[in-house]
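Please read it with the model open.

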Amino acid sequence: MIKIPARVLIVDDEKDFVEMFSLRLEGQGEKVFIAYSGKDALKILENVAIDVVILDIRMPGMDGIDTLRQIKILHPIVEVILLTGHGSTETAVEGMKLGAFDYLMKPADFKDIKVKMENARKRKDEQEERIRQAEVRFLLRRSGDV
Amino acid sequence: MFYKTNGFKLCAALLVGVIVFLLPRPEGTQFKITGDEGKILMQNVSEHFAVVPEGEIKTESYILKAKAPGSLEATAKFLDQKAKDLNLDKVRVDYVDGLSPKAKRFLAILAVLVILFVIEPIPLEITAICIGVFLVVMQVTDVKNAWAPYMHPVVIFIMCCLIFAISLDKAGITKRLGYYIIKKAGNSITRFTFIIAIGLGISSSFMHDAAACAIGIVTMLPLMRAAGIEPHTNTAKFMMLSLPFACSCGGMGSLIGGGRCMVSAAFLKEFTGIEITFFEWIMYAMPAAILTTPIAVLIVYMVYRPNLKYKLPEFDEDLGPMTILEKKTLAIIGLSFAFWLTKGLHGIDYSVTGMLGVAALVLFKVLKWRDINDNLEWGTALFIFGGGISLGLAMGYSGAADYFANLFFPLIQGKGWLVLFIGVGVFGALVTNAMANVAAAALILPIVIPMAQLEGVNPVVLALCLGMATSFAMLLVIGCPPNAISYSYRYFKSSDLTRVGLVATPILLTVLVVVAAVWWKILGLI
């Protein structure tokens with residue numbers, strides 16, 4: 001199989017965690033983008049076609065849930081995986097009701113992250129393919145040709 | 001806003017039809033009389049009419065010119081009445097430079113339909129059904145004549161080709177072809193794109209162009225994504241635009257390359273009785289397809305120079321040996337092709353041998369009826385194509401086409417085939433962007449075939465020209481299915497397609513003219 005790199009955006013204010021994590025993802029062949037705050041994340045999302053966002057719930061300033069809300073309003077197809085610490089599982093559930101794909105407990109096992117990320121990416125690809133097919137049908141009908 | 005509602009658009013279209021209907025009708029001054037063997041009518045109306053051109057009448061029909069145009073006697077109605085009074089049952093009076101009431105009713109219908117086709121207040125399929133309805137309601141023809149073209153042999157032939165495409169796709173042969181070509185293509189962007197686009201482009205001559213384009217993109221896209229080629233870059237535009245353009249160009253290579261070719265051949269046969277066989281079409285058109293396909297890719301390359309830093313990864317998927325299903329499918333379709341190619345020998349129509357192939361596909365369990373039912377574009381094939389043919393034929397038998405042919409003829413009189421060819425080519429290539437190919441053919445061919453006959457040009461040239469020129473639907477995303485499929489991946493903007501289309505259309509039309517002037521001359525067509 002040909003490896004198609006996923007565009008992953010990691011959003012967390014803990015710089016050490018972000019760096020370690022991005023190195024491992026890059027080692028897997030993914031394309032990693034980094035934001036240390038919710039605001040930065042939204043800026044990057046505007047400019048780059050991100051596939052999956054890995055988003056820490058607890059951040060100073062705009063917190064994870066607010067960021068998630070904004071992401072889902074502005075980029076509804078982008079999949080979001082939430083990172084939670086101990087004691088914030090409830091928030092994770094709330095996040096998933098708001099449209100997040102799944103959540104991960106920190107410190108997360110890298111294998112877990114990889115699987116969930118791939119599933120999130122797959123769901124986004126499938127959704128995009130459905131959108132594309134709907135559009136093709138519309139355009140083909142417009143052309144009236146066979 | 002109220003003027004954006006479909007109801008308003010519909011009313012506007014009908015209003016235009018009413019206006020056309022109320023416009024004064026040109027009676028003309030010349031009338032063609034057929035079946036007046038004893039020249040009885042001629043002698044009886046000599047007070048009001050003179051025969052043109054003067055001299056001996058050689059054929060069974062002659063043309064009368066009114067001596068006092070505008071008078072009550074200078075009408076077709078008067079001639080008709082006179083023939084009835086004289087008990088000349090066989091005599092038929094036709095308009096030459098005037099518009100018959102029937103033709104005028106047809107033009108009113110046409111005005112409404114063209115507006116409905118372009119602004120689309122109701123679905124295209126319903127508009128296409130309305131063609132039959134209007135023709136009967138406005139008494140242009142009877143019920144049978146209006147509906148029969150919806151099941152014209154060419155409509156069935158198109159369905160066969162679409163069903164073949166479904167079976168090729170289901171058996172996995174389209175995929176195998178895509179993989180086969182992509183493996184030969186290597187990993188340099190330029191070489192890769194040229195090989196896959198030209199390979200699939202030429203294949204489009206014998207398969208559905210949209211299917212060829214779709215499989216090309218589906219196999220190419222993972223490689224592009226893996227290589228990190230971003231949407232909206234020149235490299236992405238080059239790769240994603242080369243494929244649909246090549247497949248459109250290749251589609252003209254044989255009769256089944258696209259509905260446009262079959263429809264042109266069908267109209268030619270309906271209006272003149274001349275048939276272009278499957279084999280002849282390949283002989284005439286294949287060289288043009290082989291030339292224009294690489295040229296189209298080259299034009300896209302010149303407009304959107306790819307970045308050579310990208311290297312595509314090795315394509316490592318393998319499909320294994322051919323399955324029995326694939327072999328069965330290929331055998332059946334190959335046999336149908338053999339029947340089509342040898343029509344000159346056995347004389348059985350393509351639609352019949354084609355449907356025999358479809359029956360075999362179901363019999364040998366390549367396809368289930370469900371597959372056909374769910375995947376065939378019934379609306380387009382049956383209604384839009386059938387309706388287009390009904391419209392084109394009505395244009396002929398209502399007399400409207402002859403009226404326009406006589407009207408436009410002075411423009412091209414004495415100028416030879418080239419002017420007609422260029423006119424048809426340019427008009428065809430432009431109109432097909434905004435309308436279905438069949439509509440373009442239905443509007444253009446009925447008018448230009450009589451013009452060609454008046455000028456002494458072989459009408460085959462024009463039918464071929466239209467079928468081939470309408471392949472160049474390169475200005476709009478909705479121009480043809482390959483464009484639409486490629487655009488749906490959003491690797492280029494619709495204006496990117498228009499930009500390269502503006503360069504490609506005139507160049508490719510020129511190539512077409514050169515092929516006609518050289519190759520068709522050698523074959524003796526012109």
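A salt bridge here is a side-chain nitrogen of Lys or Arg within 4 Å of a carboxyl oxygen of Asp or Glu. By that rule Asp12(A), Glu14(A), Asp56(A) and Lys106(A) are linked in a network, and the structure holds 25 salt bridges over all chains. The model is predicted.

**Chain B overall**

- Chain B contains 24 helices and four strands.
- The C-alpha trace of chain B spans about 85 × 55 × 50 Å along its principal axes.
- Buried residues make up 54% of the 526 in chain B.
- Of the contacts in chain B between residues at least 6 apart in sequence, 79% join residues at least 24 apart.
- Chain B carries 41 positive and 34 negative side chains, with the centres of the two sets 8 Å apart.

**Salt bridge within chain A**

- Glu30(A) and Lys3(A) form a salt bridge whose closest N and O atoms are 2.8 Å apart.
- This pair links distant parts of the chain, 27 residues apart: Glu30(A) is in the loop between helix H1 and strand E2, and Lys3(A) is in the segment before strand E1.
- Glu30(A) is buried at 6% relative accessible area, whereas Lys3(A) is partly exposed at 39%.

**Salt bridge between the chains**

- Arg7(A) forms a salt bridge with Glu230(B), with 2.7 Å between the closest N and O atoms.
- Because Arg7(A) lies in strand E1 of chain A and Glu230(B) in the loop between helices H10 and H11 of chain B, the pair joins two chains.
- Arg7(A) counts as buried at 18% relative accessibility, and Glu230(B) is partly exposed at 27%.

**Salt bridge within chain B**

- Lys183(B) and Asp318(B) meet in a salt bridge of 2.9 Å, N to O.
- Lys183(B) lies in helix H8 and Asp318(B) in the loop between helices H13 and H14, so the pair ties together parts 135 residues apart in sequence.
- Lys183(B) is partly exposed, with a relative accessible area of 41%, while Asp318(B) counts as exposed at 60%.

- Glu79(A) sits in strand E4 (residues 79-84) of chain A.
- Glu79(A) counts as buried because its relative accessibility is 5%, under the 20% cut-off.
- Leaving aside neighbours within four places in sequence, the residues in contact with Glu79(A) include Asp51(A), Lys72(A), Phe101(A), Arg123(A) and Lys124(A).

Definitions and conventions: Residues are numbered from 1 along each chain as its sequence is written. Chains are lettered from A and ligands numbered from 1 in the order in which they are written. This is a predicted model: local features need pLDDT of at least 70, side-chain atom pairs count only at pLDDT 80 or more; totals for chains, interfaces and linings use all residues. Side-chain values use heavy atoms; hydrogens and water are left out. Buried means under 20% relative accessible area, exposed over 50%, partly exposed in between (1.4 Å probe, protein chains only). Contact means heavy atoms within 4.5 Å. Lys and Arg count as positive and Asp and Glu as negative; His and the chain ends are not counted. The place of a charge is taken as NZ of Lys, CZ of Arg, CG of Asp or CD of Glu.
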